[in-house]
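Please take a moment with the sequence and the model shown here before reading on. The paragraphs below are meant to be read with both in view.

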Amino acid sequence: MANTSHGIGGLAYDPKKRTRPPELNVLAALVLIILAFEVLGQLVVGDSFLFNTRDNVDTLFNEQRLQIIILQVAIVGIIALGVTQVIITGGIDLSSGSIVGITAMVTMSFAQVAVVNGNPNPKAIFGDAWMDLPVIVPVLIGLACGLFAGLVNGALIAYTRIPPFIATLGMMVAARGCAKWWSKGNPISFPTESYAAIGKGMWPVVIFVVLAVLFHLIMTQTKYGKHCYAIGSNEQAARMSGINVTGHKVLVYTIAGALAALAAIVLSSKNLTAQAGMGVMYELDAIAMAVIGGVSLQGGRGSIIGTCLGALIFGVIISGFTFLKLDAYYQEMVKGVIIVGAVVLDQWRQTKRGRG
Amino acid sequence: MKKFLIATGFAALMSSTAMADGIGVSMALFDDNFLTVLRNGIQEQADAAGLSVQIEDAQNDVAKQLDQINNFIASGVTAIIVNPVDTSATQAMSDAAAAAGVPLVYVNRQPINVDTLPDNQAFVASDESESSRQGFIEQCNQWKAAGKAEVSVYVMQGELSNQAAVQRTQNYYDAMEAGECAVKVNVIDQQTANWSRDQAQSLMTNWLSTGTAFDGVLANNDEMALGAIQAIKAAGIDMASVIVSGVDATQDALASMQAGELDITVFQNAAAQGGGALDAAVKLAAGEAVEQKVYVPFELVTPANIADYLAKN
């Protein structure tokens, strides 16, 4: 156990060697990217990225663009909150995108209206008795769906000791299968007004921000959060010091599943439809947001604030590319470079600090 | 090779349900909405004619599909209908059927050897180069009727690795070049939203944030058209001032059209393709000659004729 490189085993703490928090670097990167788009915008398309240049609108900033930057990442952001705490414990969750798929399908089946434009609902899944239910019914069923999937993930990882990568990979494939099976591949549409209200307008952002604040407090202020960092830094040590590692892991993955389910509810409500292919690749976007935000895949390091900044960087990039009218091909290429670049920079900063 | 053939033959005997005559059908995929309508079209036409059909699911597996065809041949069907999993892997299927003298009809997806098919083989589908073109020409006419001579539009593409996305986008430009569009069209920007309603919503909002005036949206499918509409409505723009077109005539799209939002979509008649394939197969089996390429036309859907399509898919 004499692992001196971890800094506990007798190394003196030198406050001068303590660099600024990693979140500040991510924030700097975010500001830099925004500046780059502002400059490129002036040069290439002759318009401002952030500021309002329209005569008919009386605002300083281009509020519509500020809104979409956050709105388009809010739903994956909700997933990223759950993924962040999973990665901090040293694990990984590949199943969140598929959990979004199956949850959206199941939830939407219980959120349908009986009559569309005077005709019976052409996409009806269940009989009339299951139509026009109060909004709480589909929401609770959806959350239960995600909780269950997360619980299975957690139990597999904690009790059978198989690597999280494998357990959640299995869930990813199986849950996607369930999503396709649920309605034999048919989309499910036409939700009730009250269900549609969940994802209307800027509500996805409100839900995301509230959850982000909540999880920031949980990760920094509670025993639960401290245990996450402890397990991720050194699982053996955490076990030795009396932390219930097994139970904690089950809880972490269950919470991640519930957050994925919540994202599915917001997503299907916002789009007024559920499809078996919903949420494909969301897990990777969520992981990328966390990683760009400085969450270490080795575990033990990272924060909710970092992940939120990572999500914002994603949003700024998507909007910036559309603003510059850049072809979709290049967008994906640059996105890949940014993900890898962020980690390389972080690694480089880490070793520099390590050498002092 | 011989052993392999014997093994295949044995497997064929083991796995094929006994079927002295009738028509064998191998579908690329069962759990696909569109292909299910097509499959039902085959079944209904067969029931009406009192024919027996055996429909198999190739589960998107090229090898499995070829096995099914060989099974059909071994069990002595009078004709085979194939909805190819992979359109570039059809030569082997044509060869197998031709060697056994069994008529073969490809449906919905155009086989790579479509121009060299033997006499007793045919192809029934809709012509993709017509799909979005019809909708676009109607869109141009509506702009002209609204008194516009020059319009600015956004183009939403499907997944870029997908042939249909490339073709449907090309159709717009082909129609413009051929002078089939009644007004002058300026494309402000063209981006992909990967067939997805959610991505289309985000993309449209990003476009709206530039504040550029526009007259309409050309979407490669209905899902993206609906996403664009949701974003335009959220921005408080009057849906009457823009014209949005999609392709597919899905139930969601028809509901949106009834609500006065979506202006134009195009219906691909899956049931008619299925029925047409069965007709061709029956004729070929009876030794009659048929057109080797049978095209089932796309049908334009607007608020004027929407009632005809509400129960079609």
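Predicted model: local features only at pLDDT ≥ 70, side-chain atom pairs only at ≥ 80, totals over all residues.

What follows is a walk through the two chains, their contact with each other, and a few places within each of them.

In chain A the pLDDT averages 89, and 94% of the residues score at least 70. Residues 1–7 of chain A are a stretch where the pLDDT is below 50, and beyond near neighbours in sequence this stretch has 6 contacts in the model.

Within chain A, helix 8 covers residues 223–233, and its buried residues are A:His227, A:Cys228, A:Tyr229, A:Ala230, A:Ile231 and A:Gly232. The elements that cover these buried residues include helix 2 (63–88), helix 7 (203–221), helix 9 (235–240) and helix 10 (245–271) of chain A. Two of the names in that list, helix 2 and helix 10 of chain A, come up again where chain A touches chain B.

Further along chain A, the loop between strand 4 (273–274) and helix 11 holds A:Met281. Most residues other than glycine have a negative phi. The phi of A:Met281, however, is near 75 degrees, a positive value in a residue other than glycine. Is A:Met281 buried or exposed? A:Met281 counts as exposed, because it has 11 C-beta neighbours inside 10 Å, and a residue is called exposed when that number is 12 or fewer.

The view can now widen to the contact between the chains, in which 28 residues of chain A are in contact with 25 residues of chain B. On the side of chain A that touches chain B, the elements that give two or more residues are helix 2, helix 10, helix 12 and helix 13 (328–355) of chain A. Which element of chain A gives the most to the side that touches chain B? Helix 2 of chain A does, with 4 residues. By class, the side of chain A that touches chain B has 8 nonpolar, 13 polar and 7 charged residues.

Chain B itself has 10 helices and 12 strands, and its C-alpha trace spans about 70 × 35 × 35 Å along its principal axes. Of the 313 residues in chain B, 50% are buried. Among the contacts in chain B with a separation of 6 or more, 75% are accounted for by residues 24 or more positions apart.

The C-alpha atoms of B:Glu138 and B:Thr265 are separated by 9.6 Å, although the two residues are 127 residues apart along the chain. Leaving aside neighbours within four places in sequence, B:Glu138 is in contact with B:Ile264, B:Leu300 and B:Thr302. B:Glu138 is buried, with 20 other C-beta atoms within 10 Å.

Chain B also has a residue with positive phi at B:Asn194, where the value is near 50 degrees. B:Asn194 is found in the loop between strand 7 (184–192) and helix 7 of chain B, and it counts as buried because it has 22 C-beta neighbours inside 10 Å.

Helix 7 of chain B, residues 197–208, packs with helix 8 of chain B, residues 222–234, at an angle of about 45 degrees, and their axes are 7 Å apart. That angle makes helix 7 of chain B oblique to helix 8 of chain B, and their crossing is right-handed. Among the residues that meet here are B:Met204 and B:Leu208 in helix 7 of chain B, and B:Leu226 and B:Ile232 in helix 8 of chain B. The residues of this contact divide into 8 nonpolar, 4 polar and 3 charged.

Note on methods. Residues numbered from 1 in each chain as written. Chains lettered and ligands numbered in written order. Contact = placed C-beta atoms within 7 Å. pLDDT = per-residue confidence, 0-100. Nonpolar A, V, L, I, M, F, W, Y, C, P; charged D, E, K, R; others polar. Axes fitted to C-alpha atoms, helices over the stretch in contact; angles between N-to-C directions. Parallel < 35°, antiparallel > 145°, perpendicular 65-115°, else oblique. Left-handed = near helix turned anticlockwise from the far one by under 90°.
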